[in-house]
Amino acid sequence: MLKRIIVGIIIVVGVFLAFKFCTFKKEDDSTLDYNTNLIQQQIVNVGKLVVTEGHFSEVITYKNQQKYMMDMLSFEKKALVIVNADVTVSYDLHQMKYDIDEANKTITILSIPKEEIKISPDIKFYDVEQSQMNQFTGDDYNKINKTVRANLAKKIEKSSLKSNAQNRLISELSKILILTNTMGWKLQYEGKEITNEKELQQDLKL
């Protein structure tokens, strides 16, 4: 009789412990799913087009000569070219690639999209001088447009527009970093853990 009671107690205790273990396991899985969904939602919120705008102006004097009769005769055409250009530097974070490791509570950034630079110049011509022997043609306008874009590209490189765009990008990605830190997860890039915004700015290859 005593033996049956002891066996019964052992069975009851075993069932109770098994039930508690399953309950804790369920709660842990539920918490992990919640954390993962929260992180995925934050990444979706960050995944947008980050755009930084700038404006540039320049003045170009375009000249061209056509020479005839062993250079004894020349016909010149020239124009004053005034350029106003709107420039945008953008990062499409919809294209960002990442991996979520639920077991190790780690987010790994696999790749960051390259910046896209869009130049929209408004070109106007003033003081146009030409002759019947040397008139403006489509080739001239193509040369001017090519020169304008090359000059603007140099100005953009020397300006703070690209660095401002990168700062905005870092600001968006920091939202993921803040969330991972808050939830006890880790953020990695190229095998290195990123713990603060300074490391994020230093380690991301833009």
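**Close-up views of the predicted model**

View 1. H3 lies across S4, S6 and S7 and runs at about 135 degrees to S6; contact means heavy atoms within 4.5 Å. Axes are lines fitted to C-alpha atoms, for helices over the stretch in contact, and angles run from 0 to 180 degrees between N-to-C directions. Helices (H or I, at least four residues) and strands (E, at least two) are DSSP runs numbered from the N terminus. The model is predicted: local features need pLDDT of at least 70, side-chain atom pairs count only at pLDDT 80 or more, and totals for chains, interfaces and linings use all residues. Residues are numbered from 1 along each chain as its sequence is written, and side-chain values use heavy atoms, with hydrogens and water left out.

**View 2. The open sheet has four strands.** The strand order is S3-S4-S6-S7, with mixed pairing; two strands pair if DSSP finds at least two bridges between them. Strand S3 (97–101) and strand S7 (192–194) are the edge strands, each pairing on one side only. From one strand to the next, the twist averages 30 degrees.

View 3. S3 and S4 run antiparallel and are joined by five bridges. Lys 97 has Ser 111 in S4 as its bridge partner. Four residues lie between the strands of this hairpin, in which Lys 105 takes a positive phi near 50 degrees. The pairing of S4 with S6 is parallel, over four bridges. Thr 106 stands opposite Lys 186 in S6, and Thr 108 has Gln 188 in S6 as its bridge partner.

**View 4. The largest nonpolar core holds 41 residues**. A nonpolar core is a set of buried Ala, Val, Leu, Ile, Met, Phe, Trp, Tyr and Cys residues joined through side-chain atoms within 4.5 Å. Buried means under 20% relative accessible area, exposed over 50%, and partly exposed in between (1.4 Å probe, protein chains only). Ile 39, Ile 107, Leu 173 and Ile 176 touch the most other members of the core. Two or more residues each come from helix H1 (2–46), strand S1 (49–68), strand S2 (73–92), strand S4 (106–111), helix H2 (138–158), helix H3 (161–183) and strand S6 (186–189). H3 gives the most, with nine residues.

**View 5. Surroundings of Ile 107.** Leaving out residues up to four places away in sequence, Ile 107 touches Ile 39, Ile 43, Asp 99, Ile 100, Ile 176, Thr 180, Trp 185, Lys 186, Leu 187 and Gln 188.

View 6. H2 has 21 residues and reaches 31 Å from its first C-alpha to its last, close to the 30 Å expected at 1.5 Å a residue; the expected span is 1.5 Å times one less than the number of residues. Asp 140, Ile 144, Val 148, Leu 152 and Ile 156 are buried. Seen down the axis of H2, the buried residues fall within an arc of 135 degrees, so they line one face of the helix; the arc is that of the directions from the helix axis to the C-beta atoms. Turned away from this buried side is a face with the exposed residues Asp 139, Asn 142, Lys 146, Lys 154 and Glu 157.

View 7. Thr 88 and Thr 52 are 36 residues apart in sequence, and their C-alpha atoms are 5.6 Å apart in space.
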